[in-house]
Amino acid sequence: MNIDGMLQLACDRHASDLHLVAGRCPVLRIDGRLVDVECEPSLPEDIAQAMSSISNEEQRNAFDAEMELD
């Protein structure tokens, strides 16, 4: 998974949210509807790498505590 590509896709499709879950394909929220992105399911390592590349330590700690991050 390339997080930059996923974020660009979200922008191109005017998505308000990008949902990443290990073992599933990414999901975009477009006009209030959830839309699956066709791809290979994300591995836990992919999610961890994506998170570390776009978040700071405080955000990673919040994610570790809550298992989600907005």
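## Contacts of Val-21

Contact means heavy atoms within 4.5 Å. The structure discussed here is a predicted model. Leaving aside neighbours within four places in sequence, Val-21 is in contact with Ser-42 and Ile-47. Val-21 is placed in the loop between S1 and S2.

The relative accessible area of Val-21 is 41%, and the residue is therefore partly exposed, a class that lies between the limits of 20% and 50%. In sequence, Val-21 and Glu-68 are 47 residues apart, while the C-alpha to C-alpha separation in space is 9.5 Å.

## Salt bridge

The structure holds one salt bridge. The side chains of Asp-17 and Arg-29 form this pair, with an N to O distance of 3.3 Å. Asp-17 belongs to strand S1 (residues 17–19) and Arg-29 to strand S2 (residues 27–30), so the pair ties together parts that are 12 residues apart in sequence.

Both partners fall in the intermediate class of accessibility. Asp-17 is partly exposed, with a relative accessible area of 30%, and Arg-29 is also partly exposed, at 26%.

## Nonpolar core

The largest nonpolar core consists of six residues, namely Met-6, Leu-9, Ala-10, Leu-28, Ile-30 and Val-37. H1 and S2 are the elements that give two or more residues to this core. The largest share, three residues, comes from H1.

Within this set, the contacts of Leu-9 can be stated individually. Residues up to four places away in sequence not being counted, Leu-9 touches Leu-28 and Val-37.

## Largest pocket

The largest pocket has a volume of about 700 Å³. It is lined by 24 residues, of which Leu-18, His-19, Leu-20, Leu-69 and Asp-70 are the closest to its centre. The lining divides into 16 nonpolar, four polar and four charged residues.

Several elements contribute to the lining of the largest pocket. At least two residues each are supplied by helix H1 (3–12), S1, helix H2 (44–54) and helix H3 (57–66). The largest share of this lining, four residues, comes from H1.

Key
Residues numbered from 1 in each chain as written. Predicted model: local features only at pLDDT ≥ 70, side-chain atom pairs only at ≥ 80, totals over all residues. Heavy atoms only, no water. Salt bridge = Lys/Arg side-chain N within 4 Å of Asp/Glu carboxyl O. Buried < 20%, exposed > 50% of the residue type's maximum accessible area, 1.4 Å probe, protein only. 1 Å grid on protein atoms, 1.4 Å probe; cavity = no way out; pocket = protein on both sides within 12 Å on 5 of 7 lines; lining within 4 Å. Points joined across faces, edges and corners; volume = space filled by probe spheres on them. Nonpolar A, V, L, I, M, F, W, Y, C, P; charged D, E, K, R; others polar. Core = buried A, V, L, I, M, F, W, Y, C linked by side-chain atoms within 4.5 Å.
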